[in-house]
Amino acid sequence: MKIAFFSTQPYDRVFFDRENQDRRFAYQFYETHLGPHIVEAVNDVDAVCVFVNDRVNREVIKVLASRGVKIVALRCAGFNNVDLDAAQEFGLSVCRVPAYSPEAVAEHAMAMLLTLNRKTHKAYNRVREQNFSLNGLLGFNLHGKTIGIVGTGKIGKAFCHIAKGFRCELLAFDIYEDKQLKDIGVLYVDMETLYRSSDIISLHCPLTPENKHLVTQSTIQQMKDGVIILNTSRGALIDTSAVIDALKTRKIAGLAIDVYEQEEKLFFKDLSDAIIEDDTLQRLMSFPNVLITAHQAFFTHEALTQIASTTLRNIEELLLGREPSNKQAILV
Ligand code: NAD
């Protein structure tokens with residue numbers, strides 16, 4: 001059974017090799033994204049394994065099917081980059097890793113909030129330069145602040161538990177309410193109330209056609225002056241140009257993002273010698289109150305181990321026609 005991996009990094013090989021020790025998959029690793037530009041080169045594999053920025057649209061799926069590929073295996077939870085209808089039409093199975101350490105992402109979201117607020121990234125550099133001044137490093141207590149959590153699935157729930165430890169007030173919006181969270185004092189409200197009452201808003205819902213640009217000019221206007229926004233979910237939940245305008249007027253006091261709408265051409269690459277042509281990202285990076293990480297929230301030892309083992313198990317079960325151990329992993 002052969003698998004072609006796209007958008008791979010050296011660490012992917014390490015974790016997938018380790019999980020393959022008792023299996024007999026043959027691997028092909030490619031650094032490039034999967035997309036219309038490269039799909040014609042796919043040949044003689046049973047499955048393609050893709051990540052967050054691969055483009056598995058109708059055109060790609062059609063070619064994959066004609067080449068005998070049977071499975072598109074996402075090694076992530078989100079699947080907004082795969083055309084599921086087309087997969088169904090052309091008879092391809094699609095699987096994903098529905099949960100691989102939600103704590104990894106939730107902990108990173110809190111790390112970003114703490115860094116943005118207490119400016120530890122600046123303090124670290126200052127002290128190394130023997131600059132022991134505190135001017136410009138003033139933060140605020142998280143204790144008692146109101147955090148609005150949009151999406152209380154696995155990651156949002158883990159984030160609620162962490163924020164509860166800081167004794168924050170927690171408001172939440174989700175299509176489904178979580179009883180356990182209500183029991184620990186999370187208050188479910190409508191989006192307008194969440195926007196109006198939250199000092200900090202953290203996004204943990206998936207990207208869907210309905211919530212693209214959830215954070216845009218009109219919703220930002222409903223938020224508190226001086227709100228802080230965290231996004232570790234998907235870049236397109238945020239209308240970046242609207243956020244830039246609100247950062248300029250100080251309506252938004254801080255932004256921490258691990259995902260960016262146009263991240264596809266940038267993230268996971270070392271571009272330190274390149275000229276970045278994305279003026280929007282450059283503008284964002286020019287603000288002292290914006291913190292950006294390059295889609296690393298998932299990046300822990302535990303998560304990579306889980307991703308590799310679940311992905312291989314999904315492929316194995318689909319190829320052998322076995323009952324899936326986790327029904328949420330199978331999308332088509
Ligand atoms: P999940 O499916 O467990 O939870 C998502 C929750 O969002 C569900 O409870 C769902 O009902 C809710 N929801 C759906 N649409 C909504 C909307 N419009 N408004 C409010 N709530 C809505 O998913 P999860 O494992 O918690 O992951 C959430 C997202 O995090 C993923 O879709 C993915 O985009 C992102 N993610 C990012 C990273 C990273 O490294 N940055 C890693 C993993 C996942």
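**Entry 1: the ligand**

I started at D174, where a polar side-chain atom lies 2.6 Å from an oxygen atom of the ligand. I call this a polar contact, meaning a pair of N or O atoms within 3.5 Å; within protein, one must be able to donate a hydrogen and the other to accept it, and residues adjacent in sequence count only if both atoms are side-chain atoms.

Before going on, I noted that this is a predicted model, where local features need pLDDT of at least 70 and side-chain atom pairs count only at pLDDT 80 or more, while totals for chains, interfaces and linings use all residues. I also noted that residues are numbered from 1 along each chain as its sequence is written, and that side-chain values use heavy atoms, with hydrogens and water left out.

Next I looked at G153, which has a backbone N or O atom 3.4 Å from an oxygen atom of the ligand. At D258, an N or O atom of the side chain is 3.0 Å from a nitrogen atom of the ligand. The ligand has 870 Å² of accessible area on its own, and the protein covers 85% of that. Accessible areas come from the Shrake-Rupley method with a 1.4 Å probe, and for residues only the protein chains shown count as cover.

Which residues come nearest to the ligand? I found Y100, K154, I155, D174 and T232, out of 23 residues around the ligand. To be near, a residue must have a heavy atom within 4 Å of the molecule. Sorted by class, this shell holds eleven nonpolar, eight polar and four charged residues. Here Ala, Val, Leu, Ile, Met, Phe, Trp, Tyr, Cys and Pro count as nonpolar, Asp, Glu, Lys and Arg as charged, and the others, Gly among them, as polar.

Where does the ligand sit? I found the ligand in the largest pocket. A pocket is an open set of points on a 1 Å grid over the protein atoms alone, where a 1.4 Å probe fits, with protein on both sides within 12 Å along at least five of seven lines. To sit there, a molecule needs more than half of its atoms within 2 Å of the grid points.

I then moved to R75, in the loop between β4 (71-74) and α3 (84-90). Helices (H or I, at least four residues) and strands (E, at least two) are DSSP runs, numbered from the N terminus. Is R75 buried or exposed? R75 counts as buried because its relative accessibility is 1%; buried means under 20% relative accessible area, exposed over 50%, and partly exposed in between (1.4 Å probe, protein chains only). Its side chain reaches the backbone oxygen of C49 at 3.1 Å.

D12 belongs to helix α1 (residues 10-19). With 9% relative accessibility, D12 is buried too. A polar atom of the D12 side chain lies 2.8 Å from the backbone nitrogen of Q9.

Most residues other than glycine have a negative phi. S7 is in the loop between β1 (2-5) and α1, and at 12% relative accessibility S7 is buried.

K119 also has a positive phi, near 55°. I found K119 in the loop between α4 (102-118) and α5 (120-128). Its relative accessible area is 17%, so K119 counts as buried.

I looked up L181 in helix α7 (residues 179-183). L181 is buried, with a relative accessible area of 0%. From L181 to L170, eleven residues apart along the chain, the C-alpha separation is 9.6 Å.

L137 is in the loop between α5 and β6 (146-150), and is buried at 15% relative accessibility. Its C-alpha atom is 55 Å from that of M1, 136 residues away along the chain.

V69 lies in the loop between α2 (58-66) and β4, buried with a relative accessible area of 5%. V69 and G226 are 157 residues apart along the chain, and their C-alpha atoms are separated by 50 Å.

My last stop was E277, in the loop between β11 (252-257) and α11 (279-285). Why does E277 count as exposed? Its relative accessibility is 73%. E277 and H33 are 244 residues apart in sequence and 19 Å apart in space, C-alpha to C-alpha.

Technical notes
On a 1 Å grid over the protein atoms alone, a cavity is a set of points where a 1.4 Å probe fits but cannot get out, and a pocket is an open set with protein on both sides within 12 Å along at least five of seven lines; lining residues have an atom within 4 Å of a point.
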